[in-house]
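Hi,

Here is the structure I promised to pass on. Have a look at it first, and then read my notes below.

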Amino acid sequence: MELFTEVYEKTHELLQTPQLHADWADIEGALKGLVQPGGPSVSKAAALENLRKRLREAGKRGSIASAAEASEICRASVTTMPGFQDRAALIKQMKHFYLTMKKGNQSIWVVDQPRSYGEWNYALFDGKPAVDLPPLLAQGPEVFGPANRKMMSDALQLARKWSADTQVKLGRNGASTTAAIRRWFHEDSASDTDVAATRAALTEGFKKITAACNSGKIIFSDRPTKRVSGTYDTTYASVNSGDAMPIVYLYELFLATGKRDRFGRIPKLWLCALTIVHELSHKLVGTRDIRYDDQGLKPSPAFPHDKAVVNADSWAYFCGDVLGAVPRQAVASALS
């Protein structure tokens, strides 16, 4: 189990048949309404806070809150009946699932797993005897935390604005926008026809990115197996074609550095917005990670137009540069 889509689909499947203790029937029914095939239903988001409230109340009844909450999850999972591992995993998963923003028809959600988990809950709990579950269920803290969860929501709004504003700039065909297209995607000898073709490709691409930023549901998460394996130690974020829902995965490097250029000149909120543009260009436009900013993004014989125009970091920096959202020093650094 690698992707959150797999976790979500298993959760949906489990909720089709009542399985939790009878006094959790109200929570279970509300979760069933929340976890819909096309993504979480914002109208049922209160189910998540109600679940957390139920666990907090249980925590007050014990000398150690986390242990008392874990004990309540075990009780609600009916550990005397087969399949209790999946039921415990479901409750724990939903405890760490958050609606962070609702605006109009859009909802933003964050999956915030315990940092100590190196697998998704269903895989981690699979086959465990009941006696082994309480220590796992009591674990924390979370990978992102409240401040980062809010920052992701704010950054998506910023990415949407930047992408839409970039569309406008591309449509106006101004000299400064043309210069930016040349700067990020062409060598000096490029013809006006070549630049016009790139403008058309960028226009179509940013239309798709803007539409995705406006989509009804966006989910942020990390990938536990990748986080602990070291596979993505040098990666800020990723998307995956196996996810049916729009999911952006963020990794430790992003959280630890709070910067995108090698000198850290881009504020973390702006970095997250640029990261969203970068990742959505992968999913929607088919860009690749050919070069990153610290490797130099200036088009050259070693990094020609046909590579620059499908390079995700080039798209993100172009967007930030054409709007003046990336500091001049960071632009110069990335183009060096």
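**What turned up**

Leu14, Gln19, Leu20, Glu28, Arg87 and Leu90 form the lining of the second largest cavity. Before I go on, please keep in mind that this is a predicted model. That cavity has a volume of about 30 Å³, and its lining splits into three nonpolar, one polar and two charged residues. How many cavities of 30 Å³ or more does a search of the whole structure find? The count comes to two. In case you wonder about the idea behind such a search, rolling a probe the size of a water molecule over the atoms shows where empty space is left.

Next, the largest pocket. Its volume is about 220 Å³. Which elements give two or more residues to its lining? They are α3 (46–59), α4 (65–76) and α5 (84–95). The lining of this pocket is made up of 14 residues, and those nearest the centre are Glu69, Lys95, His96, Tyr98 and Glu142. Sorted by class, the pocket lining has six charged residues, five nonpolar ones and three polar ones.

Now for one side chain to click on: lysine 92, which sits in helix α5. Lysine 92 is buried, yet it has no salt bridge. Glutamate 69 is the nearest side chain of opposite charge, and it is 6.5 Å away. A salt bridge would need a side-chain nitrogen within 4 Å of a carboxyl oxygen. What lysine 92 does have is a polar contact of 3.1 Å, side chain to side chain, with histidine 96.

Last, a few things in the backbone. Most residues other than glycine have a negative phi, and most peptide bonds are trans. Here are the exceptions I'd look at:

- Glycine 140 and proline 141 are joined by a cis peptide bond, with omega at about 0°. Proline 141 belongs to the loop between α7 (133–137) and α8 (146–172).
- Valine 78 is not a glycine, but its phi is positive, at about 55°. You'll find valine 78 in the loop between α4 and α5.
- Asparagine 173 is not a glycine either, and has a positive phi of about 60°. Asparagine 173 lies in the loop between α8 and α9 (175–185).

That's everything from me for now.

Cheers

Definitions and conventions:
Residues numbered from 1 in each chain as written. Predicted model: local features only at pLDDT ≥ 70, side-chain atom pairs only at ≥ 80, totals over all residues. Heavy atoms only, no water. 1 Å grid on protein atoms, 1.4 Å probe; cavity = no way out; pocket = protein on both sides within 12 Å on 5 of 7 lines; lining within 4 Å. Points joined across faces, edges and corners; volume = space filled by probe spheres on them. Helix = DSSP H or I, 4+ residues; strand = E, 2+ residues; numbered from the N terminus. Nonpolar A, V, L, I, M, F, W, Y, C, P; charged D, E, K, R; others polar. Buried < 20%, exposed > 50% of the residue type's maximum accessible area, 1.4 Å probe, protein only. Lys, Arg positive; Asp, Glu negative; His and termini not counted. Polar contact = N/O pair within 3.5 Å; in protein donor to acceptor, adjacent residues only side chain to side chain.
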